[in-house]
Amino acid sequence: MTSRPHPTTLAARAGTHIAPGAALPLTPALVQSTVHTYPDLAALHRVLDDEEQGQVYYRFGHYNGQVLERAVADLEGAADAVSTASGMAAITGIVFGLLESGDHVVADRNAYGGTRTLLDLELPRLGIETTLVDAADAGEVRRAITPRTKLLLVEALTNPTMRVPDLPALVEIGEQAGVTVVVDSTFATPALFRPIEHGAGLVWHSIPKYLGGHSAAMGGIVAGDAELIGRIRASVVHYGGTLGPFDAWMALIGLKTLPLRMAAHTRGGLAVAEFLASHPAVTHVHHPSLPGHPHAEVAARMLPDGVGGMLSFELAAGRAGVDDLIRGLGSAIPLSPSLADVATTLVHPATTTHRSLTPEALAELGITHGLVRLSVGIEEPADLIAELEAALPPRRSLG
Ligand SMILES: Cc1ncc(COP(=O)(O)O)c(C=O)c1O
């Protein structure tokens with residue numbers, strides 16, 4: 001009679017010996033295991049020595065992260081990519097991987113608040129200084145660069161006033177000064193804009209926004225030249241910022257519909273922007289495809305298929321008008337302090353995303369208390385326009 005292992009032994013080894021079949025699943029498998037097993041040391045060493053593709057321990061990289069990284073690198077036209085636990089872990093990986101004490105960064109003052117906090121509060125403690133500029137002003141960027149400058153950090157489309165720096169002009173400045181241009185393309189995505197094709201050294205994203213698309217997957221990703229990505233990957237592994245497999249798997253599923261979603265966001269964003277621009281309760285709309293936008297020409301040149309679903313607008317009634325609008329829209333267009341979901345959401349930048357800024361800094365960025373940022377989803381634009389029309393003050397009361 002063969003001796004049957006004890007139930008605790010059977011339970012502890014459940015599933016360990018069953019390899020997946022030869023056929024590939026249509027949706028890549030979710031490999032949630034934090035570690036893999038090997039038949040002998042030689043096989044493990046081949047993977048550790050990069051002689052063979054494989055996975056060892058999740059923090060060094062895992063199957064779902066690798067699938068996502070290949071997909072984003074291909075979409076961005078980049079040689080390689082590395083995924084990270086959040087968007088902030090991506091920019092942290094970039095600065096820790098590429099900079100050392102004594103280095104200098106030039107960054108757009110319109111950059112995401114978390115990026116500015118990293119530059120303003122964390123990096124000076126490590127001996128890395130930053131000069132903030134208006135990246136849409138090439139002269140100001142050129143003047144800020146010093147012999148110690150290593151990185152120029154910009155965003156493809158800025159939050160909330162939708163500024164569009166002229167990337168080819170910035171790349172030319174960077175090349176002359178030996179400075180790597182790094183683009184946060186969270187708002188634009190590779191469906192609409194591929195910074196690497198314009199000469200940027202690196203492009204990065206916050207995944208819960210458009211890349212994932214459904215406010216479900218957490219994460220960040222950086223794409224670019226293989227040597228730079230190798231250095232960033234090492235820093236992400238050393239500091240422990242690896243993306244989890246489940247979020248990587250969810251992000252990949254979202255990524256499959258990215259170009260279709262971006263086309264719908266773009267169509268809805270423009271229709272809503274045009275509606276708001278025609279409404280008497282709205283004094284100004286920030287949308288780069290509207291003729292009056294200061295960067296309309298740059299946007300049309302760099303993002304010929306449109307700019308996605310982000311826009312902001314100024315209410316004539318100021319802060320009181322914002323409260324009325326939020327109440328009027330209710331759950332149809334909810335107040336939600338993130339962006340880029342398939343559903344339309346709004347936020348009040350002055351008291352949420354940018355609340356840590358001083359009144360002077362808010363004024364410098366053009367963020368007033370009457371400004372509302374709208375993240376237009378993929379709903380039918382006519383429905384959104386009807387909901388906004390009903391929630392804004394009646395036209396006749398405005399004369
Ligand atoms: C443009 C932009 N970049 C970076 C980030 C940071 O990403 P995360 O929140 O995933 O760390 C955000 C977050 O809102 C963002 O909007």
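1. The model discussed here is predicted. In it, helix H3 passes helix H10 in a left-handed crossing. H3 comprises residues 63–76 and H10 residues 245–255; their axes come within 8 Å and cross at roughly 35°.

2. The H3 side of this contact consists of Asn64, Gly65, Val67, Leu68, Ala71, Val72 and Leu75. These residues meet Pro245, Ala248, Trp249, Ala251, Leu252 and Leu255 of H10. By class, the contact has eleven nonpolar residues, two polar residues and no charged residue. An α-helix has 3.6 residues a turn, so residues three or four places apart point the same way. The numbering of the contact residues in both helices may be read with that in mind, for example Leu68, Val72 and Leu75 in H3 and Ala248, Leu252 and Leu255 in H10.

3. Helix H4 and helix H5 (residues 113–122) pack at an angle of about 35°, with their axes 10 Å apart. Their crossing is right-handed. From H4, Met88, Ile91, Thr92 and Val95 take part, and from H5, Gly114, Thr115 and Leu118. This contact has four nonpolar and three polar residues, and none that is charged.

4. Which residues lie around the ligand? They are Ser86, Gly87, Met88, Tyr112, Asp184, Thr186, Phe187, Trp204, Ser206, Pro208, Lys209 and Gly219. Sorted by class, this shell has five nonpolar, five polar and two charged residues. Helix H4 (87–98) and strand E6 (202–206) each supply at least two residues of the shell.

5. A polar side-chain atom of Asp184 lies 2.6 Å from a nitrogen atom of the ligand. For Met88, a polar backbone atom is 2.8 Å from a ligand oxygen. In Ser206, an N or O atom of the side chain is 2.8 Å from an oxygen atom of the ligand. Taken alone, the ligand exposes 390 Å², and the protein buries 89% of that area.

6. Asp40 caps the N-terminal end of H2, with a side-chain oxygen 3.3 Å from the backbone nitrogen of Ala42. Just after H2, Asp50 takes a positive phi of about 60°.

7. Asn159 and Pro160 are joined by a cis peptide bond, with omega about 0°. Pro160 is placed in the loop between strand E4 (149–155) and helix H7 (167–177). In the loop between E6 and strand E7 (220–224) is Ser215. The phi of Ser215 is near 50°, a positive value in a residue other than glycine.

Technical notes: Residues numbered from 1 in each chain as written. Predicted model: local features only at pLDDT ≥ 70, side-chain atom pairs only at ≥ 80, totals over all residues. Heavy atoms only, no water. Axes fitted to C-alpha atoms, helices over the stretch in contact; angles between N-to-C directions. Helix = DSSP H or I, 4+ residues; strand = E, 2+ residues; numbered from the N terminus. Left-handed = near helix turned anticlockwise from the far one by under 90°. Contact = heavy atoms within 4.5 Å. Nonpolar A, V, L, I, M, F, W, Y, C, P; charged D, E, K, R; others polar. Near = heavy atom within 4 Å. Polar contact = N/O pair within 3.5 Å; in protein donor to acceptor, adjacent residues only side chain to side chain. Areas by Shrake-Rupley, 256 points an atom, 1.4 Å probe, with all protein chains shown as cover.
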